[in-house]
Structure formats: C-alpha cells, structure tokens
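Here are my notes on this entry, as numbered points. Please read them with the structure open.

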Amino acid sequence: MSLAPQELENSASKYASEAIRCDSNGSYSIAITNYQKAVDSLMKLMKFYPNNKLNKIYMARMASYKNRIKLLRMTSGVEINNNGNKKIEDIDSNNDFNNLIMTEKPQIGWEEVIGLDDAKNALRESIVYPTKRPDLFPLGWPRGILLYGPPGCGKTVLAAATANEIDGYFFNVDAASMMSKWLGEAEKNVSKLFNIARTYAEKQIKPVILFIDEVDSLLGTRNSEVGGEIRARNQFLIEMDGVNTKHKDLKMYVVGATNKPWSLDWPFLRRFQKRISASLPDIKSRESLFDLYNIPLKIDVKVKSPELAKISNGYSASDIKDICQAAQLKAVNELFNSAEYMEPIEGEELPQPKSLTMMDFKEIMNRRKPSVSTEMVKAYYKWGEEFKAL
Ligand SMILES: Nc1ncnc2c1ncn2[C@@H]1O[C@H](COP(=O)(O)OP(=O)(O)O)[C@@H](O)[C@H]1O
Ligand SMILES: [Mg+2]
C-alpha cells in the first residue's frame, strides 16, 4: 500500500528536518538525499490531491528545498568546512528571501476551515480587525501568535485562510527551509528576514504575516552550536521583541505553528502572546468534515454524516480526508477489477463505481487507526492547561 497523504506530509517534514540536521553539521551529501526525499514526498502529496488548497504552500517549500540542493551541489567537490558554509551563504542571494513571499495567496476561505472557532476568532481579533481599524486599538495588539496541536488538524490551513483574508504580504517560511538558509551566518539572516518583512510593512503600508511552520525546529537541537542554532534563536527573540514593542504601529505579525509545543522554552513562548490550540475535531466538526469531503463522491443514501461522525472519534481532520479518499479508491478498484468492466467506448457513458456505503467507511476505519494517539492528545491538553493564552 502506498502512503496515505497525512503520512506523506509527516514524512516530508521528517526528511526536511533530518536534511537540516545534516546540513548544519556538514554532512552535505546526506542532507541532499534527505532534501530530495522531502521533495519527493511533497510531490506525491500534490499528485494525490491536485486540488488541495495548500499546494501553493507545498510548492514554495519544494522550491526552497530544491534551491538548497542546487546550492549544495554547486559547492560540492569543494572541501567544505565551517568556513565553507559562509561561501554557500554568499551564493544564497536576496532573491532567495524574496522567494519566501507568496504573492499568489492560497484561495481558502474561513468557511473552508472546519471547527477551530477559538483559533479563527483569535486570528481575526489579532490580525484582521487591527489591520482594518488600527484606530480601535490604542493599547496595541498582539503580534506573535502560536498555533499548536497534533498534525493534520488545520494549523497550516488556518494560516492560509488568514493570508487569503488580508490584502497584504504573506511570508511563508517553514522552519526547514529557514534553518537551511540560516546556516553559517544564521543570526544575520534572521534579522535579514525580519528586516525584509518590516520594510514591506513600512513601505507598502500593507499588513505582513510572517508564517513560520514547525517553528520548534528553530530551537535546533539545543546543544549543537555547529549550525549556529543558538545564535539564530537568540536573534529570533530579539527580533520578536522588536516587533512587539518598538514598531507598535506596524502591521506585522508572526504566526508560528508547532506539533511539539513542549519543546519550546519559556523565553520563546513568552514572545507569542497568543497561544492557541488547533485540536482534534469534535463530533460536530467531524460531521462537517465528512460532509465536505463527500461532496464530490457518490454516496449511498443510507450513509449519514452524523453517523460517521459518531464512529470517528479520535481521527484528525486530515485522517477524515484520507478515509473518504480511501473509500472512493476502494470503489474505483472494484470497478476496474470487475468482470464486466469494459474500456469506455467513445460517445458512450463512462462506467461508474458503485455508491459508497456505510460498510465501506467502517471497513476503512477498521484498517486505518487515528494518526494521533490518546497519549498525545493528553499531552497537548496538559501542555495547553499550563501555557495556552487566548
Ligand atoms: N480544520 C480543518 N478544516 C478543513 N480541512 C482540514 C482541517 N484541518 C486539516 N484539514 C485538511 O488536512 C490537511 C492537513 O492540514 P494542515 O493544516 O496541514 O494540518 P497541520 O498544519 O495542523 O498539520 C489539509 O490539506 C486540509 O485539507
Ligand atoms: Mg501543517
């Protein structure tokens, strides 16, 4: 069986972080292999879901991994040591930073993000309203927003919807591409990124969102100074302070997303005044998710979304999407393998798969367990009790 889309996304980020780790300690050829694997996973993911609204984000990510591969290849053969890193940075031009800005924003509306009302409200309150009416916020407003929660629950989708909502600039940085750009003179590049974002906010008088996916990777492995992670992190904290205090009128925001909130330390967390959970969908949201993903499918009249919602406790939004896709795949397989299947004849109606039944969905769910364990759910809850800030 090929990998399910959620697994593909997870493996893409795993490969990417492994690539950075190798990149930062000088194992460039292993880094290249891992960047390439990350690219392959994202490519497969886009093939699976050609209409996924996040594809633009994935594409930008792929481009940055490819850039990095190109750079590493260009310098390979050359003896690269810590100073060699510098050389790579030199080739890494400003252009690369400009690539982070998504001029073509993902076309995804708030209504397409199911559930997550607290998160939506918080993003509206802190980004959309102050952007539209700064005069109503004499005491300022929060600039740092952290979205945390299990994979596949909508953190990236939320950021994409926010980008779509504002007529501004959306810098899409996943920590993977960021760290690879930041190797060597890491802290200098952190300030460069913030400077570019700030310049956009100042000159264009339009809001700027700096979205950092998997922001936890920014902290690096803590005890390895090789890639300059500690300096990068410290510079990040300084820049966040600048955004929060010095430039009060600027419409600039930093939105971070993480699956591993517990790996963030307090100085880091403190800079994100809003810390909002994107958790597993509740029963109502699961019903809406099934409604949403079943729209384009042929479904038996006896299949009821409330019923599906009842039996899918523990599944993430992205799991539910995978379940619907798998059910459809099953029907398509049966069609192709049926004895009566005939190649379509021109001008005649195409043979169609059978309608999906409740049984089909149940079968898939029996085979495919939730991607987030109950222990994990508890861990997010526990962390949230201590650190969430709405
Ligand atoms: N709340 C949601 N509403 C609608 N679709 C969702 C939601 N959460 C996740 N998805 C679907 O799952 C996929 C992965 O979501 P993503 O936002 O990347 O999750 P995360 O960033 O939390 O890991 C998306 O492509 C989207 O189709
Ligand atoms: Mg994501």
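1. Ligand shell. The model is predicted. Ligand 1 is surrounded by 18 residues. The closest are Gly-154, Lys-155, Thr-156, Ala-317 and Ser-318. Two helices, α7 (155–165) and α14 (317–337), each supply at least two residues of this shell. By class, the shell holds 10 nonpolar, six polar and two charged residues.

2. Position of the ligand. Where does ligand 1 lie relative to domain 1 and domain 2? Domain 1 spans 5–277 and domain 2 spans 283–371. Both give residues to the shell around ligand 1, so the ligand lies between them.

3. Overall make-up. The protein has 16 helices and six strands. Of its 390 residues, 43% are buried. Take the contacts with a separation of 6 or more: residues 24 or more positions apart account for 81% of them.

4. The sheet. Six strands form an open sheet in the order β1-β3-β4-β5-β2-β6. The pairing is mixed. At the edges stand β1 (101–102) and β6 (274–277). Each has a single partner strand, so one side of each is left without a neighbour in the sheet. Strands of a sheet pair through backbone hydrogen bonds, either parallel or antiparallel.

5. β1 and β3 (residues 169–174) run antiparallel and are joined by two bridges. Ile-101 stands opposite Phe-171 in β3.

6. Strand β2 and its partners. β2 covers residues 144–148. With β5 (residues 252–258), β2 pairs in the parallel sense over five bridges. Here Leu-147 stands opposite Ala-257 of β5. β2 also runs parallel to β6, joined by four bridges. Within β6, Ser-277 is the bridge partner of Tyr-148.

7. Burial of β2. Are the residues of β2 buried or exposed? Five of the five are buried, so the strand is largely enclosed by the rest of the structure. Both faces are covered. Gly-144, Leu-146 and Tyr-148 are on one side. Ile-145 and Leu-147 are on the other.

8. The nonpolar core. The largest nonpolar core has 83 residues. Which of them touch the most other members? They are Leu-147, Leu-158, Ile-209 and Leu-210. Helix α2 (residues 28–48) gives the most to this core, with eight residues. The core also draws at least three residues from each of domain 1 and domain 2.

9. Ile-209 up close. Set aside its neighbours within four places in sequence. Ile-209 is then in contact with Ile-127, Thr-162, Ala-163, Gly-168, Phe-170, Phe-171, Tyr-253 and Val-255. One of these, Phe-171, is the residue in β3 opposite Ile-101.

10. Leu-335. Leu-335 lies in helix α14, which also supplies residues to the shell around ligand 1. Is Leu-335 buried or partly exposed? Leu-335 has 14 C-beta neighbours inside 10 Å, so it counts as partly exposed; the buried class needs 20 or more. Leu-335 and Pro-351 are 16 residues apart along the chain. Their C-alpha atoms are separated by 8.0 Å.

Methods:
Residues are numbered from 1 along each chain as its sequence is written. Chains are lettered from A and ligands numbered from 1 in the order in which they are written. This is a predicted model: local features need pLDDT of at least 70, side-chain atom pairs count only at pLDDT 80 or more; totals for chains, interfaces and linings use all residues. A residue is near a molecule or strand if its C-beta atom, placed from the backbone, lies within 6 Å of it. Ala, Val, Leu, Ile, Met, Phe, Trp, Tyr, Cys and Pro count as nonpolar, Asp, Glu, Lys and Arg as charged, and the others, Gly among them, as polar. Domain bounds come from an automatic or database domain assignment. Two strands pair if DSSP finds at least two bridges between them. A residue is buried if 20 or more other C-beta atoms lie within 10 Å of its own, exposed if 12 or fewer, and partly exposed in between; C-beta atoms are placed from the backbone. Two residues are in contact if their C-beta atoms, placed from the backbone, lie within 7 Å. A nonpolar core is a set of buried Ala, Val, Leu, Ile, Met, Phe, Trp, Tyr and Cys residues joined through C-beta atoms within 7 Å.
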